[in-house]
Amino acid sequence: MMTQDFRKLCETGLVSGGVCPTLIAEAQETLGVVFPAAYREFLEEFGAVMAKGFQIYGIIERSKNDPPMWQQVVDECRKLREWQQVGTERRHFIPISDDGMGVYFFLDTDPSGNGEVHAVGPGVDQIISKNLDDFAIGYALGRLQF
């Protein structure tokens with residue numbers, strides 16, 4: 001469940017608009033994962049967000065993203081897997097953001113886990129947040145360490 005702090009943070013940013021459960025199910029099937037509950041809730045309510053100098057990739061209806069403003073999680077995941085980006089060998093990782101300098105932030109969708117967020121890139125491969133909410137708030141406040 002999304003925290004009020006995370007919800008408020010999203011509300012202060014630019015959001016693409018929530019999407020229906022059918023689009024979420026299609027994205028999960030395409031990527032071969034099941035999104036953690038908090039990410040599904042985020043997608044249903046906000047779709048994708050750009051706020052306070054960062055973004056969270058999401059699912060955006062194509063007609064609402066022309067010209068493109070938000071990153072599509074399915075497109076980004078496919079692209080990074082095709083490029084064999086470090087981190088994508090773990091098929092349960094999906095990219096949800098990046099730092100613009102080669103480090104990607106991956107949401108761990110492994111059902112046995114807790115939806116941790118990992119920073120993976122040149123010289124970096126570590127858990128940086130215990131869940132999506134803490135990741136977004138930590139990123140917005142400049143508290144992420146990697």
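Helices (H or I, at least four residues) and strands (E, at least two) are DSSP runs, numbered from the N terminus. The model is predicted, so that local features need pLDDT of at least 70 and side-chain atom pairs count only at pLDDT 80 or more, while totals for chains, interfaces and linings use all residues. Residues are numbered from 1 along each chain as its sequence is written, and side-chain values use heavy atoms, with hydrogens and water left out.

Helix 2 (residues 21–31) and helix 3 (residues 37–45) have axes that come within 10 Å and cross at roughly 130°, the axes being lines fitted to C-alpha atoms over the stretch in contact, with angles from 0 to 180 degrees between N-to-C directions. In their contact (heavy atoms within 4.5 Å), Pro21, Ile24 and Gln28 of helix 2 meet Arg40, Leu43 and Glu44 of helix 3.

Two pockets are compared below, a pocket being an open set of points on a 1 Å grid over the protein atoms alone, where a 1.4 Å probe fits, with protein on both sides within 12 Å along at least five of seven lines; lining residues have an atom within 4 Å of a point. A volume is the space filled by probe spheres set on the points.

| Pocket | Volume |
|---|---|
| Largest pocket | about 220 Å³ |
| Second largest pocket | about 190 Å³ |

Of the 13 residues that line the second largest pocket, Leu23, Ile59, Arg62, Gln72 and Val74 are the closest to its centre. Helix 2 supplies the largest share of that lining, four residues, whereas helix 3 gives the most to the lining of the largest pocket, also with four residues.
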